[in-house]
Amino acid sequence: MSFDAAYQSKTFNSVGTRPLRPDGVDKVTGRARYGADFNMPGQLVARVLRSPHAHARIRGIDTSKAEAVKGVKAIVTAADLPDLTNGNADLFAILDNCMARDKAMYDGHAVAAVAAIDEKAAKQALKLIEVDYEVLPHVVDVDAAMQTDAPVLNETVFTTGIEPAPTSPSNVTNRAEFGHGDVDAGFAKADVIVERSYKTEQTHQGYIEPHACVANCNTDGTADLWVCTQGHFVYRQNCADLLGLEVSKLRVTSSEIGGGFGGKTHVWAEPVALALSRKAGRPVKLIMSREEVFRASGPTSATSIDVKIGARKDGRITAASATLRYSSGPYPGMWAELGAMTSFACYDLDNVQTVGFEVLVNRPKVAAYRAPSAPMAAFAVESAVDELAHTLGIDAVDLRVKNAAKEGTKSSYGPVYGPIGIGPTLQAAKSHPHMSAPLGKNQGRGMACGFWFNFGGQTCTDLNINADGTVTLAVGTVDVGGSRASLSLIAAEELGIAYDDVKAVVADTATLGYNDMTDGSRGTFSSSMATISAARNAIKVMCKRAALTWDIPLEDVYWEDGHAHAAGTKHGNRAPLSVKELAAEAGNTGGPIAGHSELVADGAGVSFATHICDIEVDPETGSSRVVRYTVIQDAGKAVHPSYVEGQYQGGAAQGIGWALNEEYVYGADGRLQNPGFLDYRIPVCSDLPMIDTQILEIPNPNHPYGVRGVGETSIVPPLAAIANAVSNAVGVRMSHIPISPPRILAALDGNG
Amino acid sequence: MASIAVSTTINDDDVEFLCQPDETLLDVLRNRLGLMGAKEGCGTGDCGACSAIMDGRVVCSCLVLGAEAQGRTIETIEGMADGGELHPLQRKFIEHAALQCGICTPGFLIAAKALLEVNPDPSETEIRFWLAGNLCRCTGYDKIVRAVQDAAREMRGETA
């Protein structure tokens, strides 16, 4: 059945209101069940042994003493996870990351796992597993790893994207280039050129819920997995591939998820838990400790970026270029590529070139983190744009307005933009009271823009009209921040019924077709598109039932305001039939009423934001404080504005933490020094002010209601906005994130 | 190790349990008593997701031994609503969209309840510092602070 996803302007009844979320009561009473809140009969406790070395060959593993511990039921190593990846390099990287095979590639890399009747026995067994390591030279810094004398992590890696192809292996897995025009010619036309190098340190998504799962493999080849994940269908596929299970026989149920931010899009412990269960013949519960979460999950790339921008005296940019180096952990990634694509996406440029290098280091395998790779690129570029504004003596907002991308602009990464929000967010920033508020002593103001692509993807949704006329909406995108409320609003809107008559649930993998994960800000965008399509299919069924009930031709029935109506006057004065009335008679008119939808949600509208912040710096200690923060972002259409604001505020807070505090600290031995919330400090309540938000709505032409994804863009501008604010406060350009007190002091002392 | 027999009061109920000497109150609540509303986010007292009230004080139940509950009065999230009626804080958290993923919510509610019992009219700064022991990664705290302010207003009998 064809579905027209084109935007149609309309007046909304439900969409745009702020009803209570359907999972609210469960979550304020402690009844919501997260990854660690599920148990099975006869369940064992699993614990993982992790490498203490940043880089080491595993010469052998002796588990015999551990196996002899009373209560130990199974021990697995890489030998229990045979390579079934058939030359699929991406899948092999997932397998190797779940359990080290020939080499441990980072401090925290899993090397063995135990399932036992209790935690005590499991821990005792871990101590008795003997691993024979040959410690190898390691490298953790992205720039150091690119040097010719750096230890090579993988002898089979030859840089791709370079002609001619290199003949010796290196830690640079790929070079990617984007852009158009002639940057050399553009720089030649410039009156002013700014050029600087920037660094950002590695951060973690920092979700409060550690990874947790319960795995159960039965002897008949069926298996169940309960897990906190952003994508249970993807986890099912990965686990089935790695363990040789039939996809249909592995049923994955997504628990409530205690934060993900991209970090729960990758399998870590789940294949291991399934392997333990298969070996032990019992269900296995595996929960990662916070230390394990830091050492072995997440994180984002550390980066090193050079930016060069040239402009005429009037502020028009003539050329822009960037070279971006992103660490990906010990396996190839596409993180620098994303950074290179997003760098200059906010601007309308005649001459632009970006080059990204993916770099292997002995750190955990990088995972997506909210608009992955964009915040670091935006930090470098938006800092340079700010510096350009200072150099030219032009207002920072005006300079951006002059060069902002607009409808019809060929973006720096290729596509031509449709209607976009960068200009409107800048205009809103210019007229925002925050922009003209007076600053106090030692305070500085900064602003910055951000971009994210947004994603659509495969989506499958069921909408069932129940006998009482209420609606059950089964979606396959995990609800990470209130999407069940948003999707219920969408169903209510489309059907013309009350929000309270819709109950949205996240279905498991056995009861709904495949869905991509909740990533790329796609949850509400794609599942709302599928919900609209499913609702329209259900309406078609209801119109047929009305035609049958009235015994009139189907073409004389139309749907309006939640009712089937008989068209014209030839069928007499028939009272319209409501959803409830049609549902009550369903058994006599053809059986249950449902609407189904399966689609690829193309056309995710790109997203832009502008942030403004004021920072106060203590010149004696170098400590800093965010005193005011404003987020302005295009939502396309805000389905549930409270949760849109929540996404804006949450992304800003994460960006503030990244900008000012958060940082993986490695010792000379390559071991992570701060794997806990005490030493890896995320923002706490007393660190932050209220975060003001302004929602703009520039409809996405490719969604029936104009919806754009809103989840990720909010983390893109903060690094730069804060760096610009601090730079303005201290009078020194801050080029190294996080801008922690020692770095501010060094800058004030002239050592920045 | 021999188990220890503990008699305590949890959410106004007399409760008895056996626990190991090195077992935390959090593990007892979750694994022995089925009270899973308290969450383990860190196990080191840094995140507050396991917050409970012991003899009127907010504690990280991951830093309290189960055996220490002997003779004490413990309050957990499961006891916060009065039967089917939510506590004003619980209601206001939902109304203000003060939760996204919700994993930190039980801890915030327990901490906020303890705050309003000692200080019914806290300033924004007092709220922010009192709640600084509870980590939330989703909300940026804005809506949490507003929900606590609004609940406090209602509990003081003021209209918004």
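# Chains, domains and sheets

User: How many residues does the contact take from chain B and from chain A?

Analyst: It takes 42 residues from chain B and 42 residues from chain A. Two residues are in contact if their C-beta atoms, placed from the backbone, lie within 7 Å. This is a predicted model, in which local features need pLDDT of at least 70, side-chain atom pairs count only at pLDDT 80 or more, and totals for chains, interfaces and linings use all residues. Residues are numbered from 1 along each chain as its sequence is written, and chains are lettered from A and ligands numbered from 1 in the order in which they are written.

User: Which elements give two or more residues to the side of chain B that touches chain A?

Analyst: Four helices of chain B do: H2 (88-95), H3 (105-118), H4 (124-130) and H5 (142-155). Helices (H or I, at least four residues) and strands (E, at least two) are DSSP runs, numbered from the N terminus. H2(B) gives the most to this side, with 4 residues.

User: How do you know how many residues of that side of chain B are nonpolar, polar and charged?

Analyst: Each residue is sorted by its type. Ala, Val, Leu, Ile, Met, Phe, Trp, Tyr, Cys and Pro count as nonpolar, Asp, Glu, Lys and Arg as charged, and the others, Gly among them, as polar. The side of chain B that touches chain A then divides into 23 nonpolar, 10 polar and 9 charged residues.

User: What makes up the domains of chain B?

Analyst: Domain 1 of chain B covers 4-79, and domain 2 covers 88-155. Such bounds come from an automatic or database domain assignment. The C-alpha centres of these two domains of chain B lie 21 Å apart. Their contact takes 13 residues from domain 1 and 11 residues from domain 2 of chain B. On the domain 1 side, strand E3 (residues 51-54) of chain B has the largest share, 3 residues. By class, that side has 8 nonpolar, 4 polar and 1 charged residues.

User: Into which domains is chain A divided?

Analyst: Chain A has domain 1 (24-32 + 457-598), domain 2 (35-136 + 210-257 + 264-296) and domain 3 (303-454 + 605-748). The C-alpha centres of domain 1 and domain 2 of chain A lie 40 Å apart.

User: Why does the radius of gyration of chain A agree with a compact globule?

Analyst: The globule rule is 2.2 Å times the number of residues to the power 0.38, and the radius of gyration is taken over C-alpha atoms. For 752 residues the rule gives a value near 27 Å; chain A has 27 Å, so the two agree. Along the principal axes, the C-alpha atoms of chain A fill a box of roughly 85 × 75 × 55 Å. Chain A holds 21 helices and 27 strands.

User: Why is Lys441(A) called exposed?

Analyst: A residue is buried if 20 or more other C-beta atoms, placed from the backbone, lie within 10 Å of its own, exposed if 12 or fewer, and partly exposed in between. Lys441(A) has 8, so it is exposed. Lys441(A) lies in the loop between helix H14 (433-436) and strand E16 (443-452) of chain A. In chain A, buried residues make up 60% of the 752 residues.

User: How do you know that E20(A) and strand E21 of chain A pair?

Analyst: Two strands pair if DSSP finds at least two bridges between them. E20(A) and E21 (residues 563-566) of chain A have 4, so they pair, and they run antiparallel. Within this pair, Tyr558(A) has His565(A) in E21(A) as its bridge partner.

User: What makes strand E20 and strand E22 of chain A edges of the sheet?

Analyst: The open sheet of 3 strands has the order E20-E21-E22 (chain A), with antiparallel pairing. E20 (557-560) and E22 (577-578) of chain A each have a single partner strand, so one side of each is left without a neighbour in the sheet. Helix H16 (residues 523-550) of chain A packs on this sheet, touching E20, E21 and E22 of chain A. The direction of H16 makes about 130° with that of E20(A). Axes are lines fitted to C-alpha atoms, for helices over the stretch in contact, and angles run from 0 to 180 degrees between N-to-C directions.
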